[in-house]
Amino acid sequence: MAKVYQATHVGKVRHNNEDSLIVIEPSTFVVADGMGGASAGEVASQMLVETVKSFLSKSPAPWDENILAQAVLLANDKILNLARRQEEYRGMGTTATILSLDGEQAYFAHVGDSRLYRLRGDAFEQLTADHSYVETLVRRGELTPEQARVHPMKNVLIQAVGAIPELFIDKDNFKVERGDIFLLCTDGLTNMVEDATIAEILKTAQSPADALIRAALEAGGKDNVSVIVAGVD
Ligand code: CA
């Protein structure tokens, strides 16, 4: 029912790809952007996607937003425990953005500054809010979204999976319409490419995941970039 494209790229500047992404049947998509020194970011994001996958495989479908949030909480415990046990993993964490489609229903859960977008007709909408310091300032009216995009503290998260014991997970559900196109992506895309350009690529590209990666690289590719695109027939 959903046509799915996915791609990830280390970018042009970094040496490691700390992003992880996974497509879990049926129609469930996860992106995670890890952070932490050495290889800790990769460990955290990988642990997130693997924990979500194994948790969901043991849960009866539909995987609604509460089940998705439980999976994230389990990953939070696991990453925290590993970071406590091993010095080199201290302070690691990861974003988590998960979308699960079940017939006409969509469910999502979200922590951090990766994003879920929906293109419906001409309306391109970000369905998740960034858990970032600059987003807090935007909501208070102290920064415009344009200022936030280039702010020196734009990478500072107010929470991440595996970084704090008391995690607040955004979660919601909504009705899917035929023709909806969903995009899950890490900030390596959204920091490099404007929303309007992203929407245009989703509308026109034959191979949208590859085209989005190419756009991020052409804009400088300063970060790892990961995308999953799911189009609903
Ligand atoms: Ca990133």
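In strand β10, Leu-183 is the bridge partner of Tyr-117. The model is predicted, so local features are described at pLDDT of at least 70 and side-chain atom pairs at pLDDT 80 or more, while totals for chains, interfaces and linings use all residues. Residues are numbered from 1 along each chain as its sequence is written, and side-chain values use heavy atoms, with hydrogens and water left out.

### The open sheet

Helices (H or I, at least four residues) and strands (E, at least two) are DSSP runs, numbered from the N terminus. Two strands count as paired if DSSP finds at least two bridges between them. Strand β7 (residues 115-120) and strand β10 (residues 181-185) run antiparallel and are joined by five bridges. Helix α6 (residues 195-204) packs on the sheet and touches β7, β8, β10 and β11 (225-232); contact means heavy atoms within 4.5 Å. Helix α7 (residues 208-218) also packs on the sheet, where α7 touches β1, β10 and β11. The direction of α6 makes about 55° with that of β7, and the direction of α7 makes about 30° with that of β1. Axes are lines fitted to C-alpha atoms, for helices over the stretch in contact, and angles run from 0 to 180 degrees between N-to-C directions.

The order of the five strands in this open, antiparallel sheet is β1-β11-β10-β7-β8. At its edges stand β1 (2-9) and β8 (123-126), each of which pairs on one side only.

| Strands | Bridges | Direction |
|---|---|---|
| β2 and β3 | six bridges | antiparallel |
| β3 and β5 | four bridges | antiparallel |
| β3 and β4 (residues 93-94) | two bridges | antiparallel |

β2 and β3 form a hairpin with three residues between them, and Ser-27 in the turn has a positive phi of about 50°.

Because seven of its eight residues are buried, β3 is largely enclosed by the rest of the structure. Buried means under 20% relative accessible area, exposed over 50%, and partly exposed in between (1.4 Å probe, protein chains only). Phe-29 lies in β3 and counts as buried at 1% relative accessibility. Its contacts beyond four places in sequence include Val-4, Ile-22, Leu-184 and Ile-228. Phe-29 and Val-4 are 25 residues apart in sequence, with their C-alpha atoms 9.3 Å apart.

### Two nonpolar cores

A nonpolar core is a set of buried Ala, Val, Leu, Ile, Met, Phe, Trp, Tyr and Cys residues joined through side-chain atoms within 4.5 Å. The largest has 31 residues, and Val-30, Leu-48 and Met-92 are among those with the most contacts inside it. Helix α2 (65-85) is one of the elements that supply at least two residues each, and α2 gives the most, with nine residues. A second, separate core of 21 residues includes Tyr-117, Leu-183, Leu-189 and Leu-217.

### The calcium site

Asp-33, Asp-187 and Asp-223 coordinate the calcium ion through OD atoms at 2.2 to 3.2 Å. Asp-187 lies in helix α5 (residues 187-190) and Asp-223 in the loop between α7 and β11, so this pair ties together parts that are 36 residues apart in sequence. Donors are N, O and S atoms within 2.8 Å of the metal (3.2 Å for Na, K and Ca); water is not among the atoms, so sites may look incomplete. Asp-187 is buried at 6% relative accessibility, and Asp-223 is buried with a relative accessible area of 12%.
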